[in-house]
Amino acid sequence: MTTQLEFITLEDLVRGEVYDPADSDYAKEAAAFNVAVQHRPDAVLAARDAVDVVAGVRWASLNSVPLAVQGTGHGAERAVEGGLLISTRALRSVAIDPAARTATVGAGVKWRQVIDAAAPFGLAPLNGSSSDVGVVGYTLGGGLPVLGRTFGFAADSVVSFDVVTMDGVARTVSRTREPELFNLLCGGGRGLAIVTSVTMRLYRVSEIYGGVLVFDGEHASAVLRAFAAWAPTLRDASNTAFKFLRAPDLPQVPRELAGRLTVHVHFAHVGKGGPGALAPMRQSAPVLIDGVGVLPYSEVDRVYNDPVDPMPFASGGVGIKDLTPEAIDAALALAGPEAECLLPMLEFRLLGGALTSDDGRAASALGLGYAAHVVGVMAPPIAHLVPAEIERTLAALRVFGNGHTPRNFLGGALDTSSAWSDRVNAARAAAKDALDPEGLLRD
Ligand SMILES: Cc1cc2nc3c(=O)[nH]c(=O)nc-3n(C[C@H](O)[C@H](O)[C@H](O)COP(=O)(O)OP(=O)(O)OC[C@H]3O[C@@H](n4cnc5c(N)ncnc54)[C@H](O)[C@@H]3O)c2cc1C
């Protein structure tokens, strides 16, 4: 156990604030986007810069104090108990190099900042469905972008990471400098080192043909069957997902969605041919809301319309091979109009395309089939039922599994090995032993 005295010593080493549970700002700094999780570390270091991160890591190593790191808390599904939590949210620098087509961003940066900084140059980053998510946590987990089939996992576009390893040394790792660690960080990287900044490639995309088609839940079977026949025929320029959504009956939810089942086809296409590619889905059933059109890339959030306010949730996922007729029947039994379903969302995101290219990085070549993802709301009166309901849903879908689930879709699962190949799992274990023999840094 750490003592108050040791935290006073840490305070002397850093420029940022160190909060303990008695401080009024402790809860604010430890807070996660997922408000179902309340971290209770012995102290939070609100790092002001990379030098503070080095000091925090050295101090924790010297005192054998368990260490965790948080950018935004979008990935928080298990609470940090005890030890030191390093918060990187103040590391907010973003630098765009338009000639090299790269962005270098600090560990507290959210995707929105990068999208807005890159847009004036006609460039786009490989963000996911919500631009409120943190760049670093998302990328260390592979990062499945809205345009993933077109450009690959975000981790496959990383040029270099600035990291602090548990020996307290700050290093830059890249394809040529410490390539083994670099390849692991690119998708397999949580719990190995603390990232202070990342440089990643940007892409020449200033607009997309994208958005969402919404159908009444009564058409779920027709739309899902049409989706399953259509999605595998798409070129890499097209990205899509199918979703069952049971939105709550709240004033802020659009009237057409509130308090009922709707099914959604999300679509994002780069270059010409978008309307033609989407046509079969527009004809699959009467469309309730047609929200697909030409969008500036800065409006990419309109493809998924993810929640932006902190909320209490739990989630889980499983990679599935194919939406066979049996898999479709199982999905309809779990979340279709006849189902007694407690979970607001079950989604199938089409993988393939550039997500299957392999350059040796941890995230590479695992993107086959579909990523099924399920989310539950951890609020009364059903919160206590949600984890079991998520597990029941995943168990029913695992029958159709392909053995691999993107790390970022695993939710609070304790066993994360299905996120990687056997080779990467072995390399991760060896790297963890070498870099963090005391096992102080948590994933
Ligand atoms: C609304 C929503 C939409 C999402 N959409 C997508 C999507 O489209 N595609 C996708 O791939 N994922 C998606 N995710 C999942 C998301 O990528 C993960 O939850 C990711 O962990 C979030 O990273 P973060 O930095 O925002 O969160 P945090 O909770 O701050 O970080 C998550 C974990 O990453 C590690 N970490 C964070 N910062 C550092 C650091 N500086 N150094 C070392 N380790 C660090 C820590 O282990 C931490 O627990 C979504 C999540 C939400 C809530």
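This is a predicted model: local features need pLDDT of at least 70, side-chain atom pairs count only at pLDDT 80 or more; totals for chains, interfaces and linings use all residues.

Me: Into which domains is the protein chain divided?

Reply: There are three parts to keep apart: domain 1 covers 4-87, domain 2 covers 94-204, and domain 3 covers 207-419.

Me: How should I read the area that domain 2 and domain 3 bury between them?

Reply: The general idea is that the size of an interface is often given as the accessible area lost when the parts come together. In this model domain 2 and domain 3 bury about 3000 Å² between them, and 52% of that area is on carbon and sulfur atoms. On the side of domain 2, the residues that lose the most area to domain 3 are Ser129, Leu144 and Arg149, which together account for 30% of what that side buries.

Me: How many residue pairs are in polar contact between the two domains, and which elements of domain 2 take part in touching domain 3?

Reply: Between domain 2 and domain 3 the count is 25 residue pairs in polar contact.

Me: Is Thr139 buried or exposed?

Reply: Here we need a cut-off, since a residue counts as buried when its relative accessible area is under 20%. Thr139, whose place is in helix H5, has a relative accessibility of 0%, and therefore counts as buried. Leaving aside its neighbours within four places in sequence, Thr139 is in contact with several residues, among them Trp111, Phe161, Leu185 and Met200.

Me: How many salt bridges does the structure hold, and how many cross the interface of domain 2 and domain 3?

Reply: The structure holds 20 salt bridges, and the rule finds two of them across the interface of domain 2 and domain 3. To read such a pair, one looks for a side-chain nitrogen of Lys or Arg within 4 Å of a carboxyl oxygen of Asp or Glu. Asp301 and Arg112 form such a bridge, with their closest N and O atoms 3.4 Å apart. Asp301 lies in the loop between strand S14 (293-296) and strand S15 (313-320), while Arg112 lies in helix H4, so the pair ties together parts that are 189 residues apart in sequence. Asp301 is partly exposed, at 23% relative accessible area, and Arg112 is also partly exposed, at 26%.

Me: Which parts does the pair of Arg225 and Asp329 tie together?

Reply: The side chains of Arg225 and Asp329 meet in a salt bridge, at 3.0 Å from N to O. Arg225 lies in helix H8 (residues 220-230) and Asp329 in helix H10 (residues 325-335), so this pair ties together parts that are 104 residues apart in sequence. Finally, salt bridges can share partners, and in this way Arg112, Asp116 and Asp301 are joined into one network.

Terms used: Residues are numbered from 1 along each chain as its sequence is written. Side-chain values use heavy atoms; hydrogens and water are left out. Domain bounds come from an automatic or database domain assignment. Buried area is the accessible area (1.4 Å probe) that two parts lose on being put together, summed over both. A polar contact is a pair of N or O atoms within 3.5 Å; within protein, one must be able to donate a hydrogen and the other to accept it, and residues adjacent in sequence count only if both atoms are side-chain atoms. Helices (H or I, at least four residues) and strands (E, at least two) are DSSP runs, numbered from the N terminus. Buried means under 20% relative accessible area, exposed over 50%, partly exposed in between (1.4 Å probe, protein chains only). Contact means heavy atoms within 4.5 Å.
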